[in-house]
Amino acid sequence: EAEKIQIKITSLGLTESRITADETIQQLFVECRLNHFLAEETPLSLPKPPGGQRIHYNYSTVINVDKENNHVEREYLKSILLKPDLPADSLKFTVVSDPPEDEQDLECEDIGFAYVSLKEIFQNQRDIIEQDIDVFDSQDASAVIGKLTVTVEALSALRSVHQECKND
């Protein structure tokens, strides 16, 4: 159990904003990224929910961080714990607009970002379970456009990595 991070993207709700008003944004999926080397996305794009309602992805994934096979991921976790000023200590969730089938000339567009700090999980000694996190507008980082409900179970992996740092 200690050698992996479990991530679940449960649901997404939007507040009234440019996103809900924008007719060209119809289908949404969510990407989860660990630094620059690992990205996972929900296999489904779902129809954009009206303000106040939610769409449910119920998507789970696992990031393995064992020494043998996932050295890069593990070293990255070490750096988060050892370098207090490392800015990229978060899992980044990106809400992406998936163009409709009949408009393939449109690109996928990042419309919002949400973050879970792995460092904070370790500092608080508490996993994040089915928690609503703010989704910030990709065009205005101070504007919250919705809530993403996520689970990030990383504490046992971080404890294991921390133990190893002390032993090194």
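**Entry 1: rings.** I looked for aromatic pairs and found 0 in the structure. For such a pair, the ring centres of Phe, Tyr or Trp (its six-membered ring) must lie within 6.5 Å; planes under 30 degrees apart count as stacked, over 60 as edge-to-face and the rest as tilted. I then checked for a charge over a ring (NZ of Lys or CZ of Arg within 6 Å of the ring centre and within 35 degrees of the ring normal). K92 lies over the face of F113, at 4.4 Å from the ring centre.

**Entry 2: a note on the model.** This is a predicted model, where local features need pLDDT of at least 70 and side-chain atom pairs count only at pLDDT 80 or more, while totals for chains, interfaces and linings use all residues. I number residues from 1 along each chain as its sequence is written, and side-chain values use heavy atoms, with hydrogens and water left out.

**Entry 3: helix 2.** Helices (H or I, at least four residues) and strands (E, at least two) are DSSP runs, numbered from the N terminus. For its 12 residues that gives 16 Å, and the end C-alpha atoms are 16 Å apart, so the two agree. Buried here means under 20% relative accessible area, exposed over 50%, and partly exposed in between (1.4 Å probe, protein chains only). The buried residues of helix 2 include Y76, L77, I80 and L81, and also E73 and R74.

**Entry 4: T149.** Is T149 buried or exposed? It counts as buried, because its relative accessibility is 8%. I found T149 in strand 9, residues 140–153. Its side chain makes polar contacts (N or O atoms within 3.5 Å; within protein, one able to donate a hydrogen and the other to accept it, with sequence-adjacent residues counting only if both atoms are side-chain atoms). One is with the side chain of R54 at 2.8 Å, and another is with the side chain of D132 at 2.6 Å.

**Entry 5: R18.** I located R18 in helix 1, residues 18–21. R18 is partly exposed, with a relative accessible area of 28%. R18 and D137 are 119 residues apart along the chain, yet their C-alpha atoms are separated by 9.0 Å. The side chain of R18 also makes a polar contact with the side chain of S138, at 3.4 Å.

Notes:
Expected span 1.5 Å × (residues − 1).
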